[in-house]
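Hi there,

I am handing over the structure we talked about, so please open it and keep it in view while you read. My notes on what turned up follow below.

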Amino acid sequence: MSEKSKNEEVEFSFKCPTCKKGKIKITKTTYDVPDGDKMLLIKFECDVCEFSNNDVIPLTTNNTPGIMTLRVSNEKDLKSKIYRSPVGRLEIPELELFVEPGPNADFYYTNVEGILFRFENAVSIYRKNLDDDDVQIEEIDKILQDLQKASKGEFKFTLIITDSGGGSYIIPTDESKYSFEKFENKELN
Ligand SMILES: [Zn+2]
């Protein structure tokens, strides 16, 4: 995390749901995202076994419409947190993949890995429904290959969220890979 995050650690005595022996430590981190908004990251960790879990909650609503860009080039970048609001369009141009705005697209809180996994699932299902001699198969297989490389941090790509209403977030692992471009008034209707 950066110097902009503030840690507050609280230890609880409830037992680990996995090993039933360890105690769960809860770390709460308030993270200031660009534009002065705040996110609360909550991490649960067992002091005995490997159990851990994360959650992220927006503390304020980002109402600044704009374009969020994250450059992903290694495994660390894959852990960057993503929140796509229902009005946000998510896109990976290098893979020709996108999620159009809409309440039914299930890309909410996740990380970059989670997004690649869901894309891989969707493309695989699409591939299965094609005839063996379909002209698209070659292209689809290339995308699947690139997606697999991407999920190991071996394929560089850009993740873009265009949000005309505000509310979407990217919390980068490496802030130097992230940029936010505010929409000017003239670009809005
Ligand atoms: Zn445990």
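**What I found**

The protein chain contains 2 helices and 12 strands. Please keep in mind that this is a predicted model. Going from the N terminus, the elements come in the order β-β-β-β-β-β-β-β-β-α-α-β-β-β. The chain has 189 residues, and 19% of them count as buried. If you take the contacts between residues at least 6 apart in sequence, 63% of them join residues at least 24 apart.

Let's look at a sheet next. Strands of a sheet pair through backbone hydrogen bonds, either parallel or antiparallel. Here, 3 strands form an open sheet in the order 9-6-11, and the pairing is antiparallel. Strand 9 (110-111) and strand 11 (169-171) are at the edges with a single partner strand each, so one side of each has no neighbour in the sheet. Strand 6 (residues 81-83) is joined to strand 9 by 2 bridges. You can find Lys81 with its bridge partner Asn111, which is in strand 9.

Now for the helices. How do helix 1 (residues 112-128) and helix 2 (residues 137-150) cross? Their axes come within 10 Å and cross at roughly 160 degrees. Angles over 145 degrees count as roughly antiparallel, so that is how helix 1 lies relative to helix 2. The crossing of the two is left-handed. Residues of helix 1 that meet helix 2 include Leu116, Phe119 and Val123, and their counterparts in helix 2 include Ile140, Ile143 and Leu147. The residues of this contact divide into 9 nonpolar, 1 polar and 2 charged.

Happy exploring!

Methods
Residues are numbered from 1 along each chain as its sequence is written. This is a predicted model: local features need pLDDT of at least 70, side-chain atom pairs count only at pLDDT 80 or more; totals for chains, interfaces and linings use all residues. Two strands pair if DSSP finds at least two bridges between them. Helices (H or I, at least four residues) and strands (E, at least two) are DSSP runs, numbered from the N terminus. Axes are lines fitted to C-alpha atoms, for helices over the stretch in contact, and angles run from 0 to 180 degrees between N-to-C directions. Angles under 35 degrees count as roughly parallel, over 145 as roughly antiparallel, 65 to 115 as roughly perpendicular and the rest as oblique. A crossing is left-handed if the near helix is turned anticlockwise from the far one by less than a right angle, and right-handed if clockwise. Two residues are in contact if their C-beta atoms, placed from the backbone, lie within 7 Å. Ala, Val, Leu, Ile, Met, Phe, Trp, Tyr, Cys and Pro count as nonpolar, Asp, Glu, Lys and Arg as charged, and the others, Gly among them, as polar. A residue is buried if 20 or more other C-beta atoms lie within 10 Å of its own, exposed if 12 or fewer, and partly exposed in between; C-beta atoms are placed from the backbone.
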